[in-house]
Amino acid sequence: MLSRMRLKRAVKGSAGLAAVAASPFVRASTAASGCIFAYHRVADVRFVDASLDDWNVSPTRFEQQIAALVECAEIVRLTDLLGRCRASPPPDRPLVALTFDDGYANFYTQVLPILKRYRVPATVFVVTSLVGSEHPPAFDGWSVKHGGRLDPDAWRPMTWDQLEQCLASGLVTVGGHSHRHLKAPECTPELLIEEASRSREILVSRFGEVETYAYPYGSSRLGYVPDAYVEAVAAAGYRLAVTYDLGRVTGQTDPFRMPRIEAHGVDGPAIIRAKALGSLAPYRLTDRFRQARRSA
Ligand SMILES: [Zn+2]
């Protein structure tokens, strides 16, 4: 049986997978649809912990992915994506939006310079109670375990000043990712209302209008996006929200249950391009490997 490390190398080096992704049979499923990529950490992490997912894409790989995306798609603001999917005539290139959960400092140090270099927009979702914290977020088991081995920017949240500088670039939109990153299945409806409303109140007081929200953990199937949470997010004044459900956005997508596609550290240019164009086969293959690690 392949060890996890050997399996990872096999996935990374899979010439067959790359060939599938680059084939002419992988086309945009429809011009009037879009893909929201979900990222977390973008940092140089030079070790693998088979027991915990690091949710990491290296800065070098991230830049490769952005370079590939700008060639094959139009990268738009998340807040513009639904409207662009509904527009007539439809856009002539596939639409892509970039999102980053948890608001790590490496968004400021690693991601922002690349966004500026390629002049592409992105949304970063922050946990309002953790902005400026000097401790690894308690919900992030990987950071708690390995924080001492790494540059702190790999795990600590951005400061308010760094967030201000991100906004000043004109490329970054800040969204809410709850106040404390609680798990919805463990929350009462009242607590969900507090998580959504408190996060938006704090962000609006800092930045003015804030429209977007990302549900922590985000899987509808696993109960992290109950109707009560959707209602709480809408009542708080957010205009759209993203889940961790796999799928593409179309003009018919519920603005408070927008699906996303994870961008993985193993995704080379051919794979990220195939994901953007609508083929989920590469996603399912690389994610199968990641699911094995998560359940280990
Ligand atoms: Zn999160």
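Predicted model: local features only at pLDDT ≥ 70, side-chain atom pairs only at ≥ 80, totals over all residues.

Visitor: Why is helix 3 called roughly parallel to helix 5?
Guide: Helix 3 (residues 59-72) and helix 5 (residues 105-118) pack at an angle of about 25°, and their axes are 10 Å apart. Angles under 35 degrees count as roughly parallel, so helix 3 is roughly parallel to helix 5. Their crossing is right-handed.

Visitor: Which residues make that contact, and what makes them nonpolar, polar or charged?
Guide: Helix 3 contributes Pro59, Phe62, Glu63, Ile66 and Val70, while helix 5 contributes Gln110, Val111, Ile114 and Tyr118. They divide into seven nonpolar, one polar and one charged.

Visitor: How does helix 5 pack with helix 7?
Guide: Helix 5 and helix 7 (residues 160-168) pack at about 35°, with axes 9 Å apart. The crossing is left-handed. Here Ala105, Tyr108 and Leu112 of helix 5 meet Gln162, Gln165 and Cys166 of helix 7. This contact holds four nonpolar residues, two polar and no charged. Cys counts as nonpolar.

Visitor: Which residues of helix 10 are buried, and what makes a residue buried?
Guide: In helix 10 (residues 269-277), the buried residues are Ile271, Ile272, Arg273, Ala274, Lys275 and Ala276. A residue is buried if 20 or more other C-beta atoms lie within 10 Å of its own. After helix 10 comes glycine 278, with a positive phi near 115°.

Visitor: What makes a set of residues a nonpolar core, and which residues have the most contacts inside the largest one?
Guide: Its members are buried nonpolar residues joined through C-beta atoms within 7 Å. The largest such core has 71 residues, and those with the most contacts inside it are Ile36, Phe37, Val96, Phe107, Val124, Val233 and Ala241. Beyond its neighbours within four places in sequence, valine 233 is in contact with Ala196, Tyr213, Tyr238, Ala241 and Phe256.

Visitor: How many of the protein's contacts join residues at least 24 apart?
Guide: Among contacts between residues at least 6 apart in sequence, 72% do.

Terms used: Residues numbered from 1 in each chain as written. Axes fitted to C-alpha atoms, helices over the stretch in contact; angles between N-to-C directions. Helix = DSSP H or I, 4+ residues; strand = E, 2+ residues; numbered from the N terminus. Parallel < 35°, antiparallel > 145°, perpendicular 65-115°, else oblique. Left-handed = near helix turned anticlockwise from the far one by under 90°. Contact = placed C-beta atoms within 7 Å. Buried ≥ 20, exposed ≤ 12 C-beta atoms within 10 Å, placed from the backbone.
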